[in-house]
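Please keep the sequence and the structure in view while reading.

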Amino acid sequence: MWRLFEALRCPAMPDEEIDATVVAEDEPAVDMPASPRDEGDDAPKGKKREGLRLSKAEKSQEMGALQHEELDWIFIGDADDARDASKMRAKNVRYVLNCTMGREFGGVHNYHEKDKYFDYCRLAMADNATEPLSARWEKAFDFFEKIRIREDANVLVHCQQGVSRSVSMVVAYLIKYYRFSFDDAKALCQKSRKQANPNEGFEKQLRELEENLKATNGFEKVPPPRKRPAEIPAGGAMKAARGPAGPARGPSGPARGPVGPAGPPRGPAGPSAGPAAGPSVGPAAGPSVGPSVGPSVGPAGPPVGPAAGPSVGPSPPPKEKKDKKDKKDKKDKKEKKQMSGPSPPP
């Protein structure tokens with residue numbers, strides 16, 4: 001019935017073509033092959049292969065540091081590098097700049113956030129051409145500057161694959177603080193990360209940043225050279241270079257050993273000073289002052305009391321007693337005379 005209907009609608013179509021049309025509509029749909037960007041197929045002729053167009057063998061397999069003596073503390077990597085704590089410690093990476101959305105939105109997890117050895121900073125951003133990079137630049141710049149000033153460890157800047165988002169943040173920092181052009185900054189990133197390649201939207205924003213900074217002279221002052229010694233390789237610990245200096249100071253210790261026994265001769269000197277000062281000062285002052293003043297003043301008191309008292313107070317009474325005595329004597333003589341009677345005549 002269906003074929004009859006098709007024949008009436010398309011009378012000029014041969015039966016063979018009708019059969020082919022029916023068979024084609026009955027077959028299941030076939031998925032279109034992935035784009036060359038996703039599978040790493042060859043790019044169009046005459047165009048250099050970059051980013052995800054590279055084959056797996058052509059891509060960098062692990063994080064790499066920027067090949068610049070003032071910037072070799074910046075590593076670019078992917079989610080696998082961020083997961084490997086032992087690898088990060090080996091490269092002296094303590095800081096991690098995660099350029100992906102939060103974990104709940106499919107971003108890369110901050111795998112070792114609970115480990116106090118690591119310091120994390122997340123820039124929640126999606127990998128699409130319309131994502132505004134300018135909203136994340138200041139936070140990224142502050143994190144980079146903190147690490148540069150401290151000079152105590154390296155930083156891993158990563159996204160999911162280490163191709164677009166992470167590289168864009170590094171390129172922006174190089175343009176703003178080290179006055180790189182976009183092309184030079186991108187080329188430097190590709191030396192350490194072969195697949196580094198910001199997407200078209202990010203590249204446009206980064207070029208606009210460069211032009212705006214040139215027009216307004218908005219570049220930051222180029223940071224001074226790092227204090228890290230030149231002989232220390234990127235990612236190496238500064239303490240390692242100081243290790244050999246320790247043994248050289250060892251021999252100086254034994255040379256001071258003989259000074260110890262010289263201590264005993266100084267022991268006897270103590271008693272000779274102690275007794276000489278103690279006895280000579282104590283008794284000489286105590287007895288000579290105490291007795292010489294006390295006895296000479298104390299006993300002198302009694303002779304003063306009696307000498308003044310009797311001479312003033314009782315001096316009048318002796319005269320009265322004499323009068324009384326005289327009166328008594330006269331009285332006694334008179335009484336004796338009366339008792340004896342008149343005396344005989346001569």
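At what angle do helix α6 (residues 134-150) and α7 pack, and how far apart are their axes? In this predicted model, where local features need pLDDT of at least 70, side-chain atom pairs count only at pLDDT 80 or more, and totals for chains, interfaces and linings use all residues, some conventions come before the reply. Residues are numbered from 1 along each chain as its sequence is written, and side-chain values use heavy atoms, with hydrogens and water left out. Helices (H or I, at least four residues) and strands (E, at least two) are DSSP runs, numbered from the N terminus.

The two helices α6 and α7 pack at about 70°, and their axes are 10 Å apart, where axes are lines fitted to C-alpha atoms, for helices over the stretch in contact, and angles run from 0 to 180 degrees between N-to-C directions. The pair α6 and α7 is therefore roughly perpendicular, a term that covers angles of 65 to 115 degrees. The contact (heavy atoms within 4.5 Å) involves residues of α6 including W137, F141 and F144, and residues of α7 including M169, V170 and Y173.

Turning to the sheet, five strands form an open arrangement in the order β1-β2-β5-β3-β4, with mixed pairing, where two strands pair if DSSP finds at least two bridges between them. The edge strands, each pairing on one side only, are β1 and β4 (119-122). Between β1 and β2 the pairing is antiparallel over two bridges, and G64 has I76 of β2 as its bridge partner. Across β2 and β5 (154-158) lies α7, which runs at about 155° to β2.

Helix α8 (residues 182-192) has among its buried residues (under 20% relative accessible area, with a 1.4 Å probe and protein chains only) F182, A185 and L188. The buried residues of α8 pack against β1 (64-65), β2 (74-77), α7 (165-178) and α9 (200-216).

Leaving aside neighbours within four places in sequence, L174 is in contact with L66, L71, R179, F180, A185 and L188.

Definitions and conventions
Buried means under 20% relative accessible area, exposed over 50%, partly exposed in between (1.4 Å probe, protein chains only). Angles under 35 degrees count as roughly parallel, over 145 as roughly antiparallel, 65 to 115 as roughly perpendicular and the rest as oblique.
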